[in-house]
Amino acid sequence: MSDIVVVYHSGYGHTQRMAQAVADGAGARMLSIDSDGQLPAGGWELLAAADAIVFGSPTYMGGPSWQFKRFADASSKPWFVQAWKDKLFAGFTNSASVNGNKQTTLDYLFQLAMQHGGLWVGSGMLPSNARAAQRNDLNWIGAFSGAMAQSASDASAAEMLPGDLETARVFGERVAQQALRLMREAGAA
């Protein structure tokens with residue numbers, strides 16, 4: 001079994017629900033970035049020990065939340081000593097609009113992982129884009145570089161769509177499968 005950590009910021013609870021779904025699928029631990037952009041005590045040590053790190057942030061104004069960016073900037077300390085090099089990374093995001101420039105947030109998370117010398121895991125899911133597709137189908141938004149969800153601006157976190165949460169859970173499963181695969185290959189070398 002791999003040690004996977006989902007590190008995320010959630011402003012209104014939607015991204016936290018998505019983080020929980022990813023963690024459920026991956027068998028991962030959750031690590032919340034607080035409203036000041038800080039990790040709890042022991043958070044950096046959890047990330048250092050992880051085989052895979054999954055980043056999560058809401059998309060605000062075309063990018064990740066400032067709280068997530070503060071965490072990202074603070075990760076320059078492990079970057080300096082290449083502490084996260086060759087770990088698996090993945091990412092997810094949520095916004096109120098169907099597009100909402102979520103791809104920009106996933107690109108930011110990808111670039112952060114690349115700065116750390118990591119290996120990126122995409123969604124591995126085909127989009128639900130046929131005429132018969134329904135809004136609660138798996139990967140209805142059609143994300144390839146990570147998982148995306150859409151929550152109406154006036155909807156509570158409890159009202160998140162089941163299809164988006166299932167997409168996040170399946171995405172978490174993929175991250176866990178790839179982490180296990182990488183561990184097996186490293187053990188065989």
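Predicted model: local features only at pLDDT ≥ 70, side-chain atom pairs only at ≥ 80, totals over all residues.
Contact here means heavy atoms within 4.5 Å.

## Gly-100 and its neighbour

Gly-100 is found in the loop between S5 and H5. Leaving aside residues up to four places away in sequence, Gly-100 touches Thr-59 and Ser-95. With a relative accessibility of 25%, Gly-100 counts as partly exposed. From Gly-100 to His-116 there are 16 residues in sequence and 27 Å in space, C-alpha to C-alpha.

Asn-101 is in the loop between S5 and H5 too. Its phi is near 60 degrees, a positive value in a residue other than glycine. Most residues other than glycine have a negative phi. Asn-101 counts as partly exposed, at 45% relative accessibility.

## Helix H5

H5 covers residues 102–115, and at 1.5 Å a residue its 14 residues should span 20 Å; the end C-alpha atoms are 20 Å apart, which agrees. The buried residues of H5 are Lys-102, Thr-105, Leu-106, Leu-109, Leu-112 and Ala-113. They cover an arc of only 115 degrees around the axis, which puts them on the same side of H5. In an α-helix there are 3.6 residues a turn, so residues three or four places apart point the same way.

The cover over these buried residues includes strand S3 (52–60), strand S4 (63–64), helix H3 (66–74), strand S5 (88–95), strand S6 (119–120) and strand S7 (147–150). Just after H5, Gly-117 takes a positive phi of about 75 degrees.

## Helix H1

Which residues of H1 are buried? They are His-14, Thr-15, Met-18, Ala-19, Ala-21, Val-22, Ala-23, Gly-25 and Ala-26. Among the elements covering the buried residues of H1 are strand S1 (4–9), strand S2 (29–33), S3, S5, S7 and helix H6 (162–188). H1 is followed by Gly-27, with a positive phi near 65 degrees.

## Salt bridges

How many salt bridges does a search of the whole structure find? The search finds 5. Side chains of opposite charge can pair when their charged atoms come close.

| Pair | N to O distance |
|---|---|
| Arg-29 and Asp-3 | 3.0 Å |
| Asp-164 and Arg-135 | 2.9 Å |
| Glu-185 and Arg-181 | 3.3 Å |

Arg-29 and Asp-3 meet in a salt bridge through their side chains. This pair links distant parts of the chain, with Arg-29 in strand S2 and Asp-3 in the segment before S1, 26 residues apart. Arg-29 is partly exposed, with a relative accessible area of 41%.

Asp-164 forms its salt bridge with Arg-135. Asp-164 lies in helix H6 and Arg-135 in the loop between S6 and S7, so the pair ties together parts that are 29 residues apart in sequence. Is Asp-164 buried or exposed? Asp-164 is buried, as its relative accessible area is 2%, and buried means under 20%.

Glu-185 and Arg-181 are 4 residues apart in helix H6, so about one helical turn separates them. Glu-185 is partly exposed, with a relative accessible area of 44%, and Arg-181 counts as partly exposed at 47% relative accessibility. Finally, Glu-166, Arg-169 and Glu-173 are linked in a network of salt bridges.

## On the surface

Trp-79, Phe-80 and Val-81 form a nonpolar patch on the surface, and together they have about 370 Å² of accessible area. Phe-80 has its place in helix H4 (residues 76–80). At 68% relative accessibility, Phe-80 counts as exposed.

Asp-86 is in the loop between H4 and S5. The phi of Asp-86 is near 70 degrees, a positive value in a residue other than glycine. With a relative accessible area of 48%, Asp-86 is partly exposed.

One last stop is Ala-130, which lies in the loop between S6 and S7. Ala-130 is exposed, with a relative accessible area of 53%. Ala-130 and Trp-140 are 10 residues apart along the chain, and their C-alpha atoms are separated by 9.8 Å.

How values were computed: Residues numbered from 1 in each chain as written. Heavy atoms only, no water. Helix = DSSP H or I, 4+ residues; strand = E, 2+ residues; numbered from the N terminus. Expected span 1.5 Å × (residues − 1). Buried < 20%, exposed > 50% of the residue type's maximum accessible area, 1.4 Å probe, protein only. Arc of directions from axis to C-beta. Patch = residues over 30% accessible without salt bridge, like charges linked within 9 Å, V, L, I, M, F, W, Y side chains within 5 Å. Areas by Shrake-Rupley, 256 points an atom, 1.4 Å probe, with all protein chains shown as cover. Salt bridge = Lys/Arg side-chain N within 4 Å of Asp/Glu carboxyl O.
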